[in-house]
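Please read them with the coordinates open.

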There are 2 protein chains.
Amino acid sequence: MAARELFVEQGFDRTTVADIAARAGLTERTFFRHYADKREVLFAGDWLAARMTEDVAEAPADLTPIEIVTRAVENACDGITSSPDWSRDRARIIADHPELQERELAKMGMLAGVLAGGLRERGVPDVTATLAAELGVLAFRLAYERWAGGRRSTRMAPLVRVVLAEIEGVAGGA
Amino acid sequence: MAARELFVEQGFDRTTVADIAARAGLTERTFFRHYADKREVLFAGDWLAARMTEDVAEAPADLTPIEIVTRAVENACDGITSSPDWSRDRARIIADHPELQERELAKMGMLAGVLAGGLRERGVPDVTATLAAELGVLAFRLAYERWAGGRRSTRMAPLVRVVLAEIEGVAGGA
């Protein structure tokens with residue numbers, strides 16, 4: 001994708017919407033029909049919310065809330081890592097920009113809301129639904145950071161359970 | 001404080017900086033010397049970061065990382081609940097505005113960074129420091145929501161450990 005190439009080649013700050021449109025052979029107007037601004041190219045992740053909603057709704061009845069969330073998050077990891085080079089570049093671009101970090105946290109908050117809503121739909125009590133969703137999203141975020149900063153051969157999805165086990169251990173020290 | 005009164009009396013959306021300045025007997029120019037916009041009145045929480053930094057630095061040497069974070073967060077609760085009516089109103093104002101929720105998440109992300117940095121300064125390994133800080137801030141945020149939505153006689157600080165114990169329990173189900 002034109003925007004991605006440019007962000008990687010010349011940096012996020014130096015890339016303008018005009019650059020992106022030129023590279024993609026589009027008008028700026030067409031760009032703005034799809035994205036509110038150049039940042040949104042990094043966060044066009046509504047598919048994550050849609051997929052998580054589906055995964056939670058269709059999970060087997062005998063799973064615990066955190067297990068339902070974990071599986072949804074692991075599937076999201078597989079979606080992300082289907083373009084591993086871009087996903088690593090994206091993590092680096094975001095880590096370098098406080099404003100993009102805010103946007104990332106907001107998107108994660110949105111995903112937590114989606115997951116919690118899906119669990120409540122299944123009859124999970126509100127407190128448990130909220131906690132399981134927040135923990136799943138925290139594990140997702142930390143697994144992404146760790147994967148993006150780690151060796152290229154590492155898979156992201158297994159890191160989610162590693163982080164959740166660490167969370168249990170660290171929380172147990174209180 | 002003028003802004004707070006107005007947000008409660010006439011709602012956040014309907015309150016302008018001109019209203020706030022008039023009520024406070026200031027010029028708008030003076031308002032903008034202190035705050036970037038009217039939202040920032042809700043988030044003038046740099047004292048939280050400063051206090052947490054101090055609490056982490058001064059914690060006894062024999063505490064676990066999550067215990068250090070928990071105590072810093074409990075102290076922050078006491079700071080917040082010293083104006084309980086305002087803190088409850090504030091939670092309601094934020095819950096009603098997605099944009100303010102984003103800002104709140106960003107501030108929480110900043111506090112997690114502060115706590116993790118403080119732990120690393122004490123020699124806590126990076127992974128543990130990050131996890132303990134993120135869990136402390138998650139417990140803080142969920143305790144705040146629960147406190148703000150609960151009975152007026154409830155204290156906020158004890159809810160932090162309640163939430164952390166729930167986190168351990170829910171994470172253990174994965």
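**Notes on the dimer contact and helix packing**

1. α8(A) and α8(B) are roughly antiparallel to each other. The model is a predicted one. The two axes come within 12 Å and cross at roughly 150°. An angle over 145° counts as roughly antiparallel, so the label follows from the crossing angle. The crossing is right-handed. Each of these helices covers residues 126–149 of its chain.

2. Which residues of α8(A) and α8(B) meet? From chain A come V127(A), T130(A), L131(A), E134(A), L135(A), L138(A), R141(A), L142(A) and R146(A). From chain B come V127(B), T130(B), L131(B), E134(B), L135(B), L138(B), R141(B), L142(B) and R146(B).

3. Now the whole interface. Chain A puts 30 residues into the contact, and chain B puts in 30 residues. The area buried between chain A and chain B is about 2400 Å². Carbon and sulfur atoms give 76% of that area.

4. Charge across the interface is worth a check. How many salt bridges does the rule find between chain A and chain B? It finds two. A salt bridge joins the side chains of R141(B) and E134(A), at 2.8 Å from N to O. Both residues also belong to the α8(A)–α8(B) contact. In general, side chains of opposite charge can pair when their charged atoms come close.

5. Step back to the fold of one chain. Chain A has nine helices and zero strands. Its pattern along the sequence reads α-α-α-α-α-α-α-α-α. The C-alpha trace of chain A spans about 50 × 35 × 25 Å along its principal axes.

6. Salt bridges over all chains number 32 in a search of the whole structure. One to inspect within chain A is D89(A) with R92(A), whose side chains meet at 2.7 Å, N to O. Why are these two about one helical turn apart? They lie three residues apart in helix α6 (residues 84–95) of chain A, so about one helical turn separates them.

7. Within chain B, look at α5(B) against α8(B). Helix α5 (residues 65–80) of chain B packs on α8(B) at about 30°, with the axes 9 Å apart. That angle makes α5(B) roughly parallel to α8(B). The crossing is right-handed. On the α5(B) side, the contact uses P65(B), I66(B), V69(B), V73(B), A76(B), C77(B) and I80(B). On the α8(B) side, it uses T128(B), A132(B), A133(B), L135(B), G136(B), F140(B) and Y144(B). The residues of this contact divide into twelve nonpolar, two polar and no charged.

8. The next partner of α8(B) is α6(B). Parallel or perpendicular? Helix α6 (residues 84–95) of chain B packs on α8(B) at about 105°, with the axes 9 Å apart. That makes α6(B) roughly perpendicular to α8(B). P84(B), S87(B), R88(B), R90(B) and A91(B) of α6(B) meet Y144(B), W147(B) and A148(B) of α8(B). The contact has five nonpolar, one polar and two charged residues.

Key: Residues numbered from 1 in each chain as written. Chains lettered and ligands numbered in written order. Predicted model: local features only at pLDDT ≥ 70, side-chain atom pairs only at ≥ 80, totals over all residues. Heavy atoms only, no water. Axes fitted to C-alpha atoms, helices over the stretch in contact; angles between N-to-C directions. Helix = DSSP H or I, 4+ residues; strand = E, 2+ residues; numbered from the N terminus. Parallel < 35°, antiparallel > 145°, perpendicular 65-115°, else oblique. Left-handed = near helix turned anticlockwise from the far one by under 90°. Contact = heavy atoms within 4.5 Å. Buried area = accessible area lost by both parts, 1.4 Å probe. Salt bridge = Lys/Arg side-chain N within 4 Å of Asp/Glu carboxyl O. Nonpolar A, V, L, I, M, F, W, Y, C, P; charged D, E, K, R; others polar.
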